[in-house]
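Colleague: Before we go into details, could you take me through this model as a set of questions and answers?

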Amino acid sequence: MRIGIVTSGLGIARQCLRKNTSVYRTCRRQVTGSGSPLDLNVDSKTGIAVLSMNKPPVNSLNLEFLTELNIALEKVENDKQCKGLIITSSIPKIFSAGLDITEMYQPDIDRLEEFWRTLQDMWIKLYGMNCVTIAAINGHSPAGGCLMSMSCDYRIMSPKYTIGLNETQLGIVAPFWFADVMLNTVGFRQTEMALQLGTLFKTEEALNIGLIDKVVPQEEVLSAAQQEMQRWFKIPGFARQLSKTELRRPTIEKLLKKKEEDIGYFRDYITKDAIQKSLGMYLESLKNRRK
């Protein structure tokens, strides 16, 4: 599949999810509803949208939450006044704990496939967004949380937290497109070691290998992201978007060509007896921790 220059990265995403939602204009407006696990606020003066995840206890990515994320990203994409998107969390000490394990344990197969397809769509949209994207990481960010962070253009993190693709610790293999994003971010050797060991990097370690770009105190993460956004806004938008598209297009196209194959592989792998047993043991350990 060949992508036209004008459509840029999100032209790909539109093929995966089309939801045309009108956005009402005020200086600062809340786009999502009061019952949503996402708070999306758009400042029409600055052109910055802030998307804050608010799904207690840990912003785990289940089918419904991923669907909400897709819709929110589409709203930002359709809002011509939005020049930048900041993704952060309203949950103390947690950015996102990643995929909801209960979606994968003893699953309904139809729902499992839809869950994975919706995750694919969310990543395609986020990784290919035309606007500037900054992750304001104000808590732990393992697995799927790390994927979301890496998919942004810039990552700011507060100290004393961890980030990484730690799937192997749960007996799961990170899919090729997770690995590709990490390869694009930190290079082959760091990715090879991190994925095999399921490494969760402390903030300073993540900074040292280029997994994140800046460290600021907890209370300054959001303001630092807003300030950093201004640096990106100074670059002519079309030139920046085209540069991003040319660099990220091969990674996105690779998944687009293998979407159904990837879903089938995930379904067959995750339903293996050994993997189900491993997931069950992990869920049991979580229950014991809460006692």
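Colleague: Among the contacts in the protein with a separation of 6 or more, what share comes from residues 24 or more positions apart?

Modeller: Please keep in mind that this is a predicted model. Its secondary structure comes to 11 helices and 11 strands, and of the 291 residues 55% count as buried. Among contacts with a separation of 6 or more, the share held by residues 24 or more positions apart is 73%.

Colleague: Which handedness does the crossing of H2 and H3 have, and how many charged residues does the contact hold?

Modeller: The crossing of H2 and H3 is left-handed. On the H2 side the contact includes Leu 63, Leu 66, Glu 64 and Glu 74, while on the H3 side Arg 111, Glu 114, Phe 115 and Lys 125 are among the residues taking part. Sorted by class, the contact of H2 with H3 has eight nonpolar and three polar residues, and the number of charged ones is six.

Colleague: H3 also packs with H5; how many charged residues are in that contact?

Modeller: H3 and H5, the latter spanning residues 176–186, have axes 12 Å apart at an angle of about 20°, which makes H3 roughly parallel to H5, and their crossing is left-handed. Trp 116, Leu 119, Gln 120, Trp 123 and Tyr 127 of H3 meet Trp 177, Phe 178, Val 181 and Asn 184 of H5. By class, the residues of this contact divide into seven nonpolar and two polar, and the number of charged ones is none.

Colleague: Is Met 150 buried or exposed?

Modeller: Met 150 lies in H4, residues 144–151, and, leaving aside neighbours within four places in sequence, has contacts that include Phe 178, Val 181, Met 182 and Leu 211. Under 20% relative accessible area is the cut-off for burial. Because the relative accessibility of Met 150 is 1%, this residue counts as buried.

Colleague: Which peptide bond is cis, with omega near 5°?

Modeller: Most residues other than glycine have a negative phi, and most peptide bonds are trans. In the loop between S3, residues 48–53, and H2 we find Pro 57. The cis bond, with omega near 5°, runs from Pro 56 to Pro 57.

Colleague: Asn 59 and Lys 160 both have a positive phi; which of them counts as exposed?

Modeller: Asn 59, in the loop between S3 and H2, has a phi of about 55° although it is not a glycine, and with a relative accessible area of 0% this residue is buried. Lys 160, in the loop between S8 (154–157) and S9 (162–164), has a phi near 75°. Because its relative accessibility is 79%, the residue that counts as exposed is Lys 160.

Colleague: Finally, what span does H10 reach from its first C-alpha to its last?

Modeller: H10, residues 259–270, has 12 residues, and the buried ones include Ile 263, Gly 264, Phe 266 and Tyr 269. At 1.5 Å a residue the expected span is 16 Å, and the span from the first C-alpha of H10 to its last is close to that, at 16 Å.

Note on methods. Residues numbered from 1 in each chain as written. Predicted model: local features only at pLDDT ≥ 70, side-chain atom pairs only at ≥ 80, totals over all residues. Heavy atoms only, no water. Left-handed = near helix turned anticlockwise from the far one by under 90°. Helix = DSSP H or I, 4+ residues; strand = E, 2+ residues; numbered from the N terminus. Contact = heavy atoms within 4.5 Å. Nonpolar A, V, L, I, M, F, W, Y, C, P; charged D, E, K, R; others polar. Expected span 1.5 Å × (residues − 1). Buried < 20%, exposed > 50% of the residue type's maximum accessible area, 1.4 Å probe, protein only. Axes fitted to C-alpha atoms, helices over the stretch in contact; angles between N-to-C directions. Parallel < 35°, antiparallel > 145°, perpendicular 65-115°, else oblique.
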